[in-house]
Amino acid sequence: MAQIWHSLTVPWRALPARQRQILTWAFSILLPLIFPLLDKTFNWGIVNDVTDVLVLVILALGLNIVVGYAGLLDLGYAAFFAIGAYTTGVLTWPPHHLEWNFWIVIWAAVIVAAFFGIVIGTPTLRLRGDYLAIVTLAFGEIVPVVMRNLGSVTIGVGPWRLLSNFNLTNGVQGLNPVGRPSIWGFKFSFDPTPWYYLILSIAALVILANVRLQDSRLGRAWMALREDETAADCMGVDPIRTKLSAFAIGASFSGFSGAFYAAKLQAIFPELFKFNLSVMILCMVILGGMGSIKGVVIGGMLLQLFDRVVLTQTTIFARGVGQALHISPLATIDLSLWRWFFFGLTMVVIMVLRPEGLFPSATRRAELHAAEEETPQPAESG
């Protein structure tokens, strides 16, 4: 097997590095563009699933700014996703008689999500480590509860009322329907292909923004704070303002995802934004490699491939074996119910064997292994 792989890769490795880089970029751009055509040709029927995966990848790229670049542990990131989705729902739900254009609403969702990133960040970013994680976890739990209880809003002083029993979020029933985008007379419907290209465009925009931020002065300031906040402060980096920018920009990416998700799903409910969504996104960042754009994208794809394809196909296979061998527990097993066990086991293995992730950035790998390399080796006895 190794000889076959070697013979297949020899022509590739024989190419100049510049040509290999150009071909890699060309393949990376061309494959997503023609994917719906391949899906239709081979009858895979997974364009809709890939679209949903890209929504989570964008969320992971936003969380990567907070966790990977700035080193801030955020366990309630799904709250900003909910804020972006509900902003879209409130501004396009027919009973509110607003029905704004989607292309305006999506930027409104970005701004509102970034605003709440600043709101939650201002009083909490003086905290560090576990305390910050606990506060963000609480924020992530509070937001769905607030959305659930804003079905009847009354604002007033004494007998005067600005709002009286105003149905803002429609409570546990959620907002349905949510406005869909249209462009040049074309209205997005249930065909998954237009939605795929829309989220692909948003993902390309988010990746480009991440690349620019990574090499910018602000990006270097985030990484300096992550490694040593005291030293960065002494070098002129304002810790609070720099952390706030990480929270705001990371939250703004979730606004993009939330607006798209609400429009595509056509209905949003508080139950869609539970704590396990934040855990899923954090697992994608850790698996791929914190601080690595390529790693987060590939890691997110792999995790979702395992969740949506591997577990499903393994369940079908296990049930077939159980029915053939007349083993009742195996014939009725559903491995998708064990997804969080497998995710947790994967995270334990990754943190023990490869703490930098599967596809880490060179900087992150060097940082994690610096102490190990500097450890003096025992002298050989004579």
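The legends below describe an overall view and several close-up views of a predicted model of one protein chain.

**View 1. Overall fold of the protein chain, with 15 helices and four strands.** The radius of gyration of the protein chain is 24 Å, close to the 21 Å that the globule rule gives for 382 residues, so the chain is as compact as a globular protein of that length. Along its principal axes, the C-alpha trace spans about 90 × 65 × 50 Å. Of the contacts between residues at least 6 apart in sequence, 69% join residues that are at least 24 apart.

**View 2. The largest nonpolar core, a set of 83 residues.** In soluble globular proteins, nonpolar side chains tend to be buried together. The residues with the most contacts inside this core are Leu63, Phe80 and Ile202, and helix α3, which covers residues 47–69, contributes the largest share of the core with 15 residues.

**View 3. Surroundings of isoleucine 202 within the core.** Isoleucine 202 is among the residues with the most contacts inside the largest nonpolar core. When its neighbours within four places in sequence are left aside, isoleucine 202 is in contact with Ile58, Ile106, Phe256 and Phe260.

**View 4. The cis peptide bond between asparagine 176 and proline 177.** Most residues other than glycine have a negative phi, and most peptide bonds are trans. The bond that leads from asparagine 176 to proline 177 is instead cis, with omega near 5 degrees, and proline 177 is placed in the loop between strands β2 (160–166) and β3 (182–183).

**View 5. Histidine 97, a residue other than glycine with a positive phi.** Phi of histidine 97 is near 60 degrees, and the residue sits in the loop that runs between helices α4 (78–92) and α5 (102–124). Because its relative accessibility is 69%, and exposed means over 50%, histidine 97 counts as exposed.

**View 6. Histidine 326, with a positive phi although it is not a glycine.** For histidine 326 the value of phi is about 60 degrees, and its place is in the loop between helices α12 (293–325) and α13 (328–331). With a relative accessibility of 73%, histidine 326 therefore counts as exposed.

Methods
Residues numbered from 1 in each chain as written. Predicted model: local features only at pLDDT ≥ 70, side-chain atom pairs only at ≥ 80, totals over all residues. Heavy atoms only, no water. Helix = DSSP H or I, 4+ residues; strand = E, 2+ residues; numbered from the N terminus. Rg over C-alpha atoms; globule rule 2.2 N^0.38 Å. Contact = heavy atoms within 4.5 Å. Core = buried A, V, L, I, M, F, W, Y, C linked by side-chain atoms within 4.5 Å. Buried < 20%, exposed > 50% of the residue type's maximum accessible area, 1.4 Å probe, protein only.
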